[in-house]
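Hello,

Here is the structure I promised to pass on.

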Amino acid sequence: MTTNTILEIAVCTVTDKPAAEEARRAAMAAVKTYPGFVSWRPLNSMDQRDMIADLVEWADKQSADAAAAKVQADPAFAPYMAAITGVTLMQHFETQDTIRDNG
């Protein structure tokens, strides 16, 4: 049986990448306690120095939506939100099938 989850993809620009990465680590520690949280993969662009992305997995869309509202008031997220100067993409996607290299 395959369990579908929700992947939240956020692509952002930042001015001070080291400060943004530090603030992101604090936000990642806080989000672990959010209902429905599954995982968070932080990504740094190899081609554009001011671009980062986050791939956050949620158990369902309701958990993702509740987290989006909670982030706005969570003091642990304030430094990360302040470090972001622009959002290129912020979308939720439902997972389908997954293939993995078993070798």
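**The sheet and its surroundings**

Trp40 has Val56 of E3 as its bridge partner. This is a predicted model, in which local features need pLDDT of at least 70 and side-chain atom pairs count only at pLDDT 80 or more, while totals for chains, interfaces and linings use all residues. Residues are numbered from 1 along each chain as its sequence is written, and side-chain values use heavy atoms, leaving out hydrogens and water.

Helices (H or I, at least four residues) and strands (E, at least two) are DSSP runs, numbered from the N terminus. Strand E2 and strand E3 (residues 51–58) are antiparallel and share seven bridges; two strands pair if DSSP finds at least two bridges between them. They belong to an open sheet of four strands, ordered E2-E3-E1-E4 with antiparallel pairing. At its edges are E2 (37–44) and E4, each pairing on one side only.

Trp40 also turns up in the largest nonpolar core, which has 22 residues. Such a core is a set of buried (under 20% relative accessible area) Ala, Val, Leu, Ile, Met, Phe, Trp, Tyr and Cys residues joined through side-chain atoms within 4.5 Å. Helix H1 (residues 17–31) gives the most to this core, six residues. Among the residues with the most contacts inside the core is Val31. Beyond its neighbours within four places in sequence, Val31 is in contact (heavy atoms within 4.5 Å) with Phe37, Trp40, Trp58 and Phe77.

Finally, Ile99 lies in the segment after strand E4 (84–94).

Best wishes

Notes. Axes fitted to C-alpha atoms, helices over the stretch in contact; angles between N-to-C directions. Buried < 20%, exposed > 50% of the residue type's maximum accessible area, 1.4 Å probe, protein only.
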